[in-house]
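Work through the exercises below with the model open. Try each task before reading its solution.

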Amino acid sequence: MQHYVATRPMFIDVEVMNADTRLVLGDQGAQASPSNVARGLSSLYKEITDTVRKEAATIMAVFPSPNEVMSILVQRVLEQRVTALLDKLLVKPSLVNLPPMEEGGLLLYLRMLAVAYEKTQELARDLRSVGCGDLDVEGLTESLFSAHKDEYPEQEQASLRQLYHAKMEELRAESQQISESTGTIGRSKGASVASSHQQISVTVVTEFVRWNEEAISRCTLFSSQPATLATNVRAVFTCLLDQVSQYITEGLERSREGLTEAANLRDRFTLGTSVSRRVAAAAASAAEAAATAGESSFRSFMVAVQRCGSSVAIVQQNFANSISRLLLPVDGAHAASCEEMATAMSSAETAAYKGLQQCIETVMAEVERLLSAEQKSTDYRSPDDGIAPDHRPTNACTRVVAYLSRVLESAFTALEGLNKQAFLTELGNRLHKGLLNHWQKFTFNPSGGLRLKRDITEYGEFVRSFNAPTVDEKFELLGIMANVFIVAPESLSTLFEGTPSIRKDSQRFIQLREDYKSAKLAARLSSLWPSSS
């Protein structure tokens, strides 16, 4: 029996071996692709199955114990002919010196391994249907790949890291090329341009997910035991979490650099005091440039935050659709991965929070600049010249509301849920505080008080778009406080009976009345409100 099997042409004819190699790997020296190898293996394994089927007919007719002969034949097919081919097809790479990406990287080996494993399993099933006696054909087939599967989980993770580093290098090279092609002069300008071209890309994150999904499909192919599969899947998914976390955190930090640059520009124009009209004009021009840079960096950061949110959502969706069910066989694996997901995204959340704080500083700096430049002392102390009072909001108010409407449009689009609520509430509180401090610089007569109420109404109507009840309440109380400039001195004591909570701020406002000294309001108030002294 052994002699019969050993003398079969497919085991002794060297040309058969060479033909096998040509069919699967193609011409010598050419780079074989997984798809071509898959087609070649399908053709070769069909040819082997047909040959074994013909041999089976002869064996059944000649040998008294055909099953034994078939067992020897199929074993020899797998151990000699298939193994010889696999040895040429699969050269196990080193994890210390990975194959270069120019030659396909570690990913090419893993794809070849998956194709060879899948097709050889199909061959085993076909040989089982032809007949192989008592031979454990599936177990023997599995053993052909044992050396390759020993380090498979580490190879898969190493491949994902290699792909990530190659992608980052590609993006950096693209950014550098764009930066150089714009011909920017000066480090700060160059940095700004480079930053703008390294914006977070949801397409890139989708590519990370696609790599991971492909790796998970190989995990499923190579891991026959649910517990082993769960362990491998978790390790591979952790790679995705690390990649997305690093990528979006670095993207947010780059966008924050733009906000920092704009803040530095603001600091420059506020240094020193203007001593001439020319210096004042230069300072005003620098302030405008800083404001433009601030608005641009604000929008850029909001885009980054929005894309960050979209990226996290893609990862969460991938976990729910593809990963979650594979982790369930191992106690605690699902919960642990959920925790890892939260931890991985915490660095991005920290960067986003810091950037949003800078965005608020950027907005408030421009609001204060506009108020300082546009608010005139006569806005709230218009002369009593018999001309009907102006019921329009002041120019400063109009400019500030127009700016806020324009710049916050990107925030309304980019932010969602609790992030949006927290950002707008804090901005609303800062705006309220900033306006209070701003108005402390002015003196008010009754017609100016009416003008102030008109401004407060304008501001209040705008902040209602924030959907922040606590902010709305503060601006409503501002409107009540503005009445201190309108009523006669003797009516001040009754003005806040219904809202004692604003009495302290109201007392500060009363001191800004034009008649505060002439009407001896300090003495009058100290007798009515003893706590004011």
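Predicted model: local features only at pLDDT ≥ 70, side-chain atom pairs only at ≥ 80, totals over all residues.

Residues are numbered from 1 along each chain as its sequence is written, and side-chain values use heavy atoms, with hydrogens and water left out.

**Exercise 1. Is Leu90 buried or exposed, and which residues does it touch?**

Step 1. Locate Leu90. It lies in the loop between helix H5 (66-89) and H6.

Step 2. Read its accessible area. Leu90 is buried because its relative accessible area is 4%.

Step 3. Look across the sequence. Leu90 and Met112 are 22 residues apart in sequence, yet 7.1 Å apart in space, C-alpha to C-alpha.

Step 4. Collect the contacts. Not counting residues up to four places away in sequence, Leu90 touches Tyr109, Met112, Leu113, Ala116, Phe145 and His148.

**Exercise 2. Describe how H6 meets H9.**

Step 1. Take the axes. Those of H6 and helix H9 (residues 152-181) come within 8 Å and cross at roughly 140 degrees. Axes are lines fitted to C-alpha atoms, for helices over the stretch in contact, and angles run from 0 to 180 degrees between N-to-C directions.

Step 2. Name the arrangement. The angle makes H6 oblique to H9. Angles under 35 degrees count as roughly parallel, over 145 as roughly antiparallel, 65 to 115 as roughly perpendicular, and the rest as oblique.

Step 3. Name the residues. Gly105, Leu106, Leu107, Tyr109 and Leu110 of H6 meet Tyr152, Gln155, Glu156, Ala158, Ser159, Gln162 and Leu163 of H9.

**Exercise 3. At what angle do H5 and H7 pack?**

Step 1. Read the geometry. H5 and helix H7 (residues 137-144) pack at about 20 degrees, with axes 11 Å apart.

Step 2. Classify it. H5 and H7 are therefore roughly parallel to each other.

Step 3. List the contact. H5 gives Val74, Gln75, Leu78, Glu79, Val82, Thr83 and Leu86, while H7 gives Val137, Leu140, Thr141 and Leu144.

**Exercise 4. Check the length of H19 and find what covers its buried residues.**

Step 1. Compare spans. At 1.5 Å a residue, the 13 residues of H19 should span 18 Å, and its end C-alpha atoms are 18 Å apart, which agrees. The expected span is 1.5 Å times one less than the number of residues.

Step 2. Pick out the buried residues. They are Val471, Asp472, Phe475, Leu477, Leu478, Gly479 and Met481.

Step 3. Look at the cover. It includes helix H17 (417-439), H18 and H20.

**Exercise 5. What phi does Asn467 have, and what phi does Lys520 have?**

Step 1. Take Asn467. Its phi is positive, about 55 degrees, although it is not a glycine. Asn467 lies in the loop between helix H18 (446-463) and helix H19 (469-481). It is exposed, with a relative accessible area of 63%.

Step 2. Take Lys520. Its phi is positive, about 50 degrees, and it is not a glycine. Lys520 is in the loop between helix H20 (503-510) and helix H21 (521-528). It is exposed, with a relative accessible area of 60%.

Note on methods:
Helix = DSSP H or I, 4+ residues; strand = E, 2+ residues; numbered from the N terminus. Buried < 20%, exposed > 50% of the residue type's maximum accessible area, 1.4 Å probe, protein only. Contact = heavy atoms within 4.5 Å.
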